[in-house]
Amino acid sequence: MTTDNSGSKVNTDGEHLERLQENLARVEALTQRLVAAIQQKPATHPGLDAPSPEVFTRAAGAYWTEMMQNPARIFEHQVEYWGKSVKHFMEAQQALASGSLTAPPDDTPPDPRFRNPLWQTHPYFNFIKQQYMLNARAITDAVDDAEDLTETEKRRLRYFSAQIVDMMAPTNFLATNPDALERAVATEGDSLVRGLENLVMDLEHNNGELLVRLSDDSAFTLGENIATSDGQVVFRNRMIELIQYAPRTEKVHATPLIIFPPWINKFYILDLKAQNSFVKWVTEQGFTLFVVSWVNPDAAYRDVGLEDYIEDGFLAAINEAKAITAQKQVNCIGYCIGGTTLNLALALLKKRKDRSVKSATFFTTLTDFGDQGDFTPFLQDDFIDAITAQVEQDGILKSAIMARTFSFLRSNDLVYGPAIRSYMLGEAPPAFDLLYWNGDGTNLPGRMAVQYLRNLCQKNLFATDGLPLLGEVLHARDVTLPICSITCQTDHIAAWKAAYAGFRKAGSKNKTFIVSESGHIAGIVNPPSKKKYGHYTHDDFSLSADAWLAAAEFTPGSWWPRWGEWLASRSGKMVPARVPGDSTHPALGPAPGTYVAAPLAG
């Protein structure tokens, strides 16, 4: 009997070796399920699985050109790599020859993937880790050496080469992962069997598509322990359910508030649980709150476009909220793509001389796509052409395609790390509300997806020449009412600097801009009670983004109270609290409604 790195007893006698063999024998049945699950995967356009070969052809050509024009630089990097590799091998050999089984000197930078002490102390694992780091550096240098490329081509090459580097990390393979090997021995192989079971279940759950479950799906039930705020569905059409939440104060501001969440995800990110529910907090501040829950489309929605989201979503919700509250105006919030499209709706209302909206707030919202940021690899013609072909076949852009794309923007955190824990260590996914929401996917109508990708993301029409829509040409400068933009400092989906660029183009004279610490979700779902992330404010928008942040005032804690004061000043006098609905809008069912719980099509 020995001990593993954690101090646990590891049995190595014959009885437990027999148990190990029994566990490994169970793999045969799981393998049959695995093959069957993989066969369920529907065929997809090959352009969705890899970039056009032209990307790598251009990269190879650029590298060869640099080799001809500046061979010294290329050879310098190659010789440096060879020299470090040989030196590393010799040091490892010397350590082994000494009989001490100690690792050679290691000056590689800290990396959370290599937390196990064996990566530092064991010659085998240390050699593999150091060589991997050398290889990664060599690939990065090779990409940097290819100079005859556009900035877009360079970004794509960096992204795809980084994906190769991340994929080939020794932690991703059983034979070179000490955590997985120790766990397999300590559990007599049971961890490997559980891991295979997790893998098979994930494949079966996603029709053969490999998407790692990040959360325990069985731990949450909508309306019971997540999305539990008291409210009623007061309106429904083919695009939305409009939920009006019950008041939590005796009096409320006269002007109601409508939240338009993104339809790429589901609305209850703002109502996960009581401790961090933005919905609950808003009603506690004395606002009449409506929230839109979008339909999760199937192939029947293939011809639904941005026009339908505006007319049957945004404008319908605004009109119904006005009617229920007997108000001429409402305030609105748009989150992510919900914020982008709210800008389109506001520009349209401006053209129509309709003043139904008093003020608008945007959460992590882009209107200027001139800088495509981390999405650059996926917003080029080869990938968008593949999406166009796929949605023509399916009628929808399937949730799995979007989930995979978003996950690989942070592959170590959202793909490889969870896969190691689930498939190699045999751990069950955690019961974490945010991760449960993240895995509760939605589809996009085919026409709308292509419109958004072509006209906004690629052509950037709303911020430049104007976007033709619903008989008008809409431009960012058409948004002239008071606006407040909440962005997040480390947002990798809607980078705050890109959001700032679009914010500056709005025609509003009354503007407020806030940068919250943290990212796309945590920076928004940031209740004051946690006293966690602070925020930056400044009112000089003539400054560049970097200059704005350098001059901004930092305030510890959540931005919610600051924004609450901003909204209250634009929400009218206090009136008796309103119960959901009215005589012409009877309750259709309790929140969170039926659209949010509908099975995912496709």
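Helices, which are DSSP runs of H or I with at least four residues, and strands, which are runs of E with at least two, are numbered from the N terminus. The exercises below concern a predicted model.

**Exercise 1. Describe the protein as a whole: how many helices and strands does it hold, and what share of its residues count as buried?**

Solution. Begin with the secondary structure, where there are 20 helices and 19 strands. Next, turn to burial, for which 54% of the 602 residues count as buried. Then consider the contacts with a separation of 6 or more, of which 79% are between residues 24 or more positions apart. Finally, take the accessible surface, which comes to about 26,700 Å², with 55% of it belonging to carbon and sulfur atoms.

**Exercise 2. Locate Ala326 and Lys353, and work out whether each is buried or exposed.**

Solution. Ala326 is placed in the loop between H11 and strand S8 (330-335), and although Ala326 is not a glycine, its phi is positive, at about 55°. The cut-off for exposed is over 50% relative accessible area; Ala326 has 67% and is therefore exposed. Lys353 is found in the loop between H12 and strand S9 (357-363), and its phi, near 60°, is again a positive value in a residue other than glycine. Because its relative accessibility is 75%, Lys353 counts as exposed.

**Exercise 3. Characterise the setting of Asp308: in which helix is its place, and which backbone nitrogen does its side chain reach?**

Solution. The place of Asp308 is in helix H11, which covers residues 306-325. The cut-off for buried is under 20% relative accessible area, and Asp308, with a value of 18%, is therefore buried. The side chain of Asp308 reaches the backbone nitrogen of Gly305 at 2.8 Å. Once neighbours within four places in sequence are set aside, the residues in contact with Asp308 are Arg238, Met239, Asp303, Gly313 and Arg447.

**Exercise 4. Examine helix H8: which of its residues are buried, and which helices do they pack against?**

Solution. Helix H8 covers residues 178-186, and its buried residues are Pro178, Ala180, Glu182 and Ala184. These buried residues pack against helix H5 (118-121), helix H6 (123-145), helix H9 (190-205) and helix H15 (411-424). Now look at the two ends: at the start of H8, a side-chain oxygen of Asn177 comes to within 3.0 Å of the backbone nitrogen of Asp179, while just after H8, Glu188 takes a positive phi of about 60°.

**Exercise 5. Describe the second largest pocket: what is its volume, and which helix gives the largest share of its lining?**

Solution. The volume of the second largest pocket is about 600 Å³. Its lining is made up of 37 residues, and those nearest its centre are Phe375, Leu379, Phe406, Tyr452 and Cys457. Helices that each supply at least two lining residues include H12 (337-351), H13 (381-394), H14 (399-407), H17 (446-458) and H18 (496-505). The largest share, 5 residues, comes from H17.

**Exercise 6. Count the disulfides, and decide whether Cys484 and Cys488 are buried or exposed.**

Solution. A disulfide is a covalent bond between the sulfur atoms of two cysteines. The structure holds 0 disulfides. Cys484 counts as buried because its relative accessibility is 1%, and Cys488, with a relative accessible area of 0%, is therefore buried.

**Exercise 7. Which residues does a cis peptide bond join?**

Solution. The cis peptide bond joins Ala591 and Pro592, with omega at about 10°. Pro592 lies in the segment after strand S19 (589-590).

Technical notes: Residues are numbered from 1 along each chain as its sequence is written. This is a predicted model: local features need pLDDT of at least 70, side-chain atom pairs count only at pLDDT 80 or more; totals for chains, interfaces and linings use all residues. Side-chain values use heavy atoms; hydrogens and water are left out. Buried means under 20% relative accessible area, exposed over 50%, partly exposed in between (1.4 Å probe, protein chains only). A polar contact is a pair of N or O atoms within 3.5 Å; within protein, one must be able to donate a hydrogen and the other to accept it, and residues adjacent in sequence count only if both atoms are side-chain atoms. Contact means heavy atoms within 4.5 Å. A disulfide is a pair of cysteine sulfur atoms within 2.5 Å. Accessible areas come from the Shrake-Rupley method with a 1.4 Å probe; for residues, only the protein chains shown count as cover. On a 1 Å grid over the protein atoms alone, a cavity is a set of points where a 1.4 Å probe fits but cannot get out, and a pocket is an open set with protein on both sides within 12 Å along at least five of seven lines; lining residues have an atom within 4 Å of a point. Grid points are joined across faces, edges and corners, and a volume is the space filled by probe spheres set on the points.
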